[in-house]
Amino acid sequence: MHDSTFSAALQRRRDWLDAWHSEGTDIYRLLHGAVEGAPGVAVDRYGPILLVQTWREPLAEGALQEWVEQAGQAVGAELTGVWNHREKPIDFERWFPLDALDAHGHELGLQFDVRPRHRGQDPLLFVDLRSVRRRIRGAVAGKRVLNLFAYTCGVGLAAAAGGAQDVLNVDWAGSALAVGRHNAERNDVPDVQRFLEEDCLAAMRQLGGLPVGGRRGKRGRFTRLAPDAFDLVVLDPPRWSTSRFGAVDVVRDYPGLFKPALCCTVPGGTVVATNHVPSVDLDDWLEVLQRCARKAGRPLAEVEVMTPEADVPSPDGRPPLKVAWCTTAAG
Ligand SMILES: C[S@@+](CC[C@H](N)C(=O)[O-])C[C@H]1O[C@@H](n2cnc3c(N)ncnc32)[C@H](O)[C@@H]1O
């Protein structure tokens, strides 16, 4: 990576910084990998933290401190640098000053826990999903929202702030939901969020009125849920996971997720579906969604493709994170 790559990325964002700061956002991407000349590197501001993530080469000696200074000047704040080399577990003692361990940042005026030290490798809030959180916040007043694969419930908090009547966040990771619960408490938003620690396959199939999959006798216990229908369902699965209820496999079996998501959506409601796998072609995936919806008897009236905001650029207009805002046909 060239010496001037980071300063060029900061320069490109110069005009956006004021807009982000004035809307109450201090969580954003400052350098976005290969498309900005830095393969295997992402640099994000998370409030008081400058988080540098590397996937291939480790950072050169002195680079972290230099970037902290450059970024601090550009954004007008004192930042603490944290480096997470994703190839290896984090060396916390070396890279994390103790007072950086408890930190919060802001998005659209909402406060989020952005502690760099926690159980997982991923940051506690994904910057590339801001466009989705923003749109959902503006679309859910008085509505019921189901947030599947909720992680730390960033979407749930945005929905609560947008006046949703009810938000059910589902994830099997209790520690991630705990962050979501804590974020709900620390913000002045209506107390409308519920947090269900459960396998999404079991939860969504029951809510959609479908039989729970997996081998009987091997499934063990799970939370019993009555069929229900939500105005807006967010389906943001990982690439792959497996459990006693079956597999999440967004490359080979997206319909296995999309059909139950459609079944727990009211007619005329919305499913916001994502696919994070770079090798999946957008048009092929959209075709899978359309075909699945027709076969499920829940055809889509409209599908709108969403992209991340300007801090996560994709010059070819085809970002690895694909988001389809799907409106189902009414009745
Ligand atoms: C891509 S993250 C979701 C990000 C999240 N939607 C957000 O807004 O930040 C994937 C999440 O899926 C969860 N997960 C994976 N397989 C699951 C399953 N079968 N049931 C429930 N949660 C699952 C993981 O614990 C993780 O929190």
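Into which domains is the protein chain divided? Domain 1 covers 5-113 and domain 2 covers 127-328, with the bounds coming from an automatic or database domain assignment. This is a predicted model, so to speak of a local feature takes a pLDDT of at least 70, and side-chain atom pairs count only at pLDDT 80 or more, while totals for chains, interfaces and linings use all residues. Numbering starts from 1 along each chain as its sequence is written.

Taken over C-alpha atoms, the centres of domain 1 and domain 2 sit 28 Å apart. Where they meet, 14 residues of domain 1 are in contact with 19 residues of domain 2; contact here asks for C-beta atoms, placed from the backbone, within 7 Å. On the domain 1 side, strand 1 and strand 6 are the elements that give two or more residues. Strands (E, at least two residues) and helices (H or I, at least four) are DSSP runs, numbered from the N terminus.

Strand 3 (residues 49-54) and strand 4 run parallel and are joined by 6 bridges, and Ile-49 stands opposite Thr-80 of strand 4. Pairing is a matter of DSSP finding at least two bridges between two strands.

Strand 10 (residues 230-235) has partners of its own. Strand 7 (144-148) runs parallel to strand 10 and is joined to it by 4 bridges, with Asn-147 bridged to Val-234 in strand 10. Strand 10 also pairs with strand 13 (residues 265-275), again in the parallel sense, over 5 bridges; here Leu-235 has Ala-273 in strand 13 as its bridge partner. Strand 10 is mostly covered, 5 of its 6 residues being buried. Buried means 20 or more other C-beta atoms within 10 Å of a residue's own, exposed means 12 or fewer, and partly exposed lies in between, with C-beta atoms placed from the backbone.

As for the ligand, 19 residues surround it, and the closest are Phe-149, Tyr-151, Trp-172, Asp-236 and Ser-241. A residue is near a molecule or strand if its C-beta atom, placed from the backbone, lies within 6 Å. Helix 6 (154-161), helix 8 (200-207) and strand 11 (240-243) are the elements that give two or more residues to this shell. By class, the shell holds 13 nonpolar, 3 polar and 3 charged residues.

Tyr-151, in the loop between strand 7 and helix 6, has a phi near 50 degrees, a positive value in a residue other than glycine. Tyr-151 counts as buried because 23 other C-beta atoms lie within 10 Å. Leu-108 likewise has a positive phi, near 50 degrees, and sits in the loop between strand 5 (104-107) and strand 6 (110-113). Leu-108 is partly exposed, with 17 other C-beta atoms within 10 Å.

Key
Nonpolar A, V, L, I, M, F, W, Y, C, P; charged D, E, K, R; others polar. Contact = placed C-beta atoms within 7 Å.
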